[in-house]
Amino acid sequence: MAWRYRAVVLLVLLLMMVLISACGDPRPIRRLPAPTPIAREVGPTPTLVPELAAAAGEEQVATAPGGGEQATLPVPPARPVAAEGQQIFAQNCAACHGADGKGVVQGTPNFADPAFWRERTPAESFQVITDGRGAMPAWKGTLDEQQRWNVLFYAFDFAVDEETLATGQQIFAQSCAACHGADGKGVVQGTPDFTDPAYLATTTMAQQFEVVTNGRGAMPAWGNQLSEDERWAVIMYIRTLGYDSTRQP
Ligand code: HEC
Ligand code: HEC
């Protein structure tokens, strides 16, 4: 019966090691945006989730704001730099998407329209660049992970208007920085880190708009104080905190 005792002791030791190693690694925690009730409603569509989970493979992933064990979304390994995507875009994408991002080939979206980007997480668009969809080719064999993130945010930059950005920056400094920090990293407890690319990759502007409009917890509602355009402007500004944009306020 001694072997049985030893096996139990061994199992307990093993469990303790797993627990200790899990506690010692702060990275997964830092990377995960706090699960939010809003995000839960907005989360990825059920049909998209298995695709995303399967395609994520060994790449960087984070639990989607929606939570749930299979809701993993790809996140950038490093902060995306839109300027690094410029040449990639000119060489590989402009033929179909146009040098201005407005689209040449039938079925291509208009990247210059901010509304195109509002309902989707950057992670979802990254997945389309990675695996392709319909007439859109897959780029995972041609571009490495970081290049795909860089070119995605180069495409996103077509929607970033500098005047809007300047408006957003001003509103942020006046009304938001007290709690979110002048750098967007967060001062008050519970505020997300807007400069974290993982936060950027897994949130939609639409869900941010909802929270900015109606508030949530310690986050005040701005629906009565800021116009719809002003709310979208400040959200656009917040987006650009998560990557190096080619646009300046
Ligand atoms: C052969 C033409 C073609 C080329 C080349 C091409 N695309 Fe596309 N792309 C499309 C089409 C068509 C769609 C729309 C696909 C759909 O909605 O099913 C699309 C969709 C997209 C989307 C929208 C994904 C979403 O969130 O719905 C992004 C982002 C994108 N392409 C980026 C790129 C990038 C970056 C490159 C270059 C590395 C590129 N495309 C090259 C044709 C192309
Ligand atoms: C009094 C402090 C405070 C002020 C002022 C404030 N916020 Fe917040 N904000 C918070 C807190 C706290 C949260 C986290 C709320 C939660 O998750 O329950 C938050 C969350 C957010 C989120 C995250 C929503 C999500 O689901 O990812 C956005 C976007 C946001 N705030 C934008 C703004 C903007 C824009 C302004 C200025 C117009 C602003 N905040 C002003 C405290 C504040």
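User: Which residues come nearest to ligand 2?

Analyst: A residue is near a molecule if its C-beta atom, placed from the backbone, lies within 6 Å of it. Of the 27 residues around ligand 2, the nearest are C176, C179, G217, A218 and M219. Elements giving two or more residues to that shell are α3 (37-42), α10 (162-180), α12 and α13 (228-239). α10 gives the most, with 6 residues. Keep in mind that this is a predicted model, where local features need pLDDT of at least 70, side-chain atom pairs count only at pLDDT 80 or more, and totals for chains, interfaces and linings use all residues. Residues are numbered from 1 along each chain as its sequence is written, while chains are lettered from A and ligands numbered from 1 in the order in which they are written.

User: How do the residues of the shell around ligand 2 divide into nonpolar, polar and charged?

Analyst: The classes go like this: Ala, Val, Leu, Ile, Met, Phe, Trp, Tyr, Cys and Pro are nonpolar, Asp, Glu, Lys and Arg are charged, and the others, Gly among them, are polar. Around ligand 2 that gives 17 nonpolar, 9 polar and 1 charged.

User: And which residues are closest to ligand 1?

Analyst: Ligand 1 has 24 residues around it, and C93, C96, S125, G134 and M136 are the closest. Two or more residues of this shell come from each of α5 (86-92), α6 (94-97), α8 (122-131) and α9. Here α8 gives the most, with 4 residues. By class, the shell holds 15 nonpolar, 6 polar and 3 charged residues.

User: How many helices and strands does the protein have?

Analyst: Helices (H or I, at least four residues) and strands (E, at least two) are DSSP runs, numbered from the N terminus. This protein has 13 helices and 2 strands.

User: At what angle do the axes of α10 and α13 cross?

Analyst: Axes are lines fitted to C-alpha atoms, for helices over the stretch in contact, with angles from 0 to 180 degrees between N-to-C directions. The α10 and α13 axes come within 7 Å and cross at roughly 90°. So these two helices are roughly perpendicular to each other (a label for angles of 65 to 115 degrees).

User: Which residues in α10 and α13 meet?

Analyst: Contact means that two C-beta atoms, placed from the backbone, lie within 7 Å. From α10 you get T164, L165, T167, G168, Q169, I171, F172 and C176, meeting E230, A233, V234, M236 and Y237 of α13. The residues of this contact divide into 8 nonpolar, 4 polar and 1 charged.

User: Is F156 buried or exposed?

Analyst: Count C-beta atoms, placed from the backbone: 20 or more others within 10 Å makes a residue buried, 12 or fewer exposed, and anything in between partly exposed. F156 lies in helix α9 (residues 145-157) and is buried, because it has 25 other C-beta atoms within 10 Å. Its C-alpha atom is 9.0 Å from that of S245, 89 residues apart along the chain.

User: What about D229, buried or exposed?

Analyst: D229, found in helix α13, counts as exposed because it has 10 C-beta neighbours inside 10 Å.

User: Which residues of helix α12 are buried?

Analyst: In α12 (residues 205-214) they are M205, Q207, Q208 and V212. They cover an arc (of the directions from the helix axis to the C-beta atoms) of only 160°, so they sit on the same side of α12. After α12 comes G215, with a positive phi near 75°.

Conventions. Parallel < 35°, antiparallel > 145°, perpendicular 65-115°, else oblique.
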